[in-house]
Amino acid sequence: IFFFLSHFFIAFLSCFCLQMGNLLKVLTCTDFDQGPNFFLDFENAQPTEAERDVWNQVNSVLQESESMLAGLQSYKGAGQEIRDAIQNPSDLMHQERAWNSVCPLVIKLKTFYCFSVRLEKALYSLLTCLTCPPYTPTQHLEKEQALAKQFAEILHFTLRFDELKMRIPAIQNDFSYYRRTISRNRINNMNLDIESEVNNEMANRMSLFYAEATPMLKTLSTATTNFVSENKTLPLENTTDCLSTMASVCKVMLETPEYSSRFSSEDTLLFCMRVMVGVIILYDHVHPNGAFTKLSKIDMKGCIKVLKEQPIDNVEGLLNALKFTTKHLNDESTPKNIRAMLQ
């Protein structure tokens, strides 16, 4: 009996240690293939008292994001009026019609640009909270889910805004016409009321912003890079691990039916995909070696595979974002099979 019980106890202890070892691997995220394994509630996360102040600050910005997208979506441009003015340079009626069409559009473009500045500050506040010691990025994202959700909402908005902007070439045409005309009329000593709204300094900043194919993403990439350079006492890994952890969590939630079935809306799946792509792009801009190397903490092969399993209409823009807005995809250190997956 003693012999039987001793063997039973040893077998039970071995099984218990194995299970505990697997649990610890998940909790400490030492197994790269497993990755951080928890559910990030993008639909229902609510701020705790500790999160409240920053959450309120960021929420005041995010509340305007839908109106920004609606404004961009309804942007029609003044292409016909501008063409008429250029073709009839001596016709004052055509010149006035073009100018009166362009000025309200420039005010709208200024609104989008000013929103990007506010979004940059909101991102900075969130990064400060989600990277500070003594917690690890995984602990931050688990404990501060409402702030993680806001970080995700900023990325979601950013990719949607840039997808829309890329389809509206009229934006740069309108703004270029505005700048040419205001310079010419300033020489002619005309009284230009709009200069009080969009002065030369503002016009220069807006011009740089709209020259980017993906201006909002560029804003966030620069903001994240500045965050790292300005917080010299904070290890770079705190920021890059926050980004890679978020990417890994999104990937796991998308590919694990146990998690994805908990979403009440299919839109949340697309939200999750956009967030995953957004943090990959930020990571690729901030980490010295980028997101695509074999040593990257992001499972790029797995992330791309998850995207490619979705309907092409949902992910074509996201795959293009990985192809055209990342920094290190074409580096020699990028494995050929990863590059081939994005061809």
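Here is a quick tour of some aromatic ring pairs in this structure, plus one leucine out in a loop. Keep in mind that the model is predicted.

Let's start with the rings. The count of aromatic pairs comes to nine. One of them joins Phe42 and Phe271, and this pair is edge-to-face. Phe42 sits in the loop between α1 (2-28) and α2 (52-62), while Phe271 belongs to helix α13 (residues 267-286), so their pairing ties together parts that are 229 residues apart in sequence.

Next up are Trp99 and Tyr178. Their planes are at 10°, under the 30 degrees that counts as stacked, so this pair is stacked. Here, too, distant parts of the chain get linked: Trp99 is in helix α5 (residues 92-131) and Tyr178 is in helix α8 (residues 170-187), 79 residues apart. Trp99 has 14% relative accessibility, so it counts as buried. Tyr178 comes in at 0%, so it counts as buried as well.

Here are the two pairs side by side:

| Pair | Centre to centre | Angle between planes | Type |
|---|---|---|---|
| Phe42 and Phe271 | 5.1 Å | 65° | edge-to-face |
| Trp99 and Tyr178 | 5.7 Å | 10° | stacked |

Rings can also join up in a group: ring pairs link Phe112, Phe115, Phe157 and Phe161 into a cluster.

Now for that leucine. Leu295 is found in the loop between α13 and α14 (300-308). Its relative accessibility is 80%, so Leu295 counts as exposed. Between the C-alpha atoms of Leu295 and Ser333 there are 9.8 Å, with the two residues 38 residues apart along the chain.

Notes: Residues are numbered from 1 along each chain as its sequence is written. This is a predicted model: local features need pLDDT of at least 70, side-chain atom pairs count only at pLDDT 80 or more; totals for chains, interfaces and linings use all residues. Side-chain values use heavy atoms; hydrogens and water are left out. Rings of Phe, Tyr and Trp (its six-membered ring) pair if their centres lie within 6.5 Å; planes under 30 degrees apart count as stacked, over 60 as edge-to-face and the rest as tilted. Helices (H or I, at least four residues) and strands (E, at least two) are DSSP runs, numbered from the N terminus. Buried means under 20% relative accessible area, exposed over 50%, partly exposed in between (1.4 Å probe, protein chains only).
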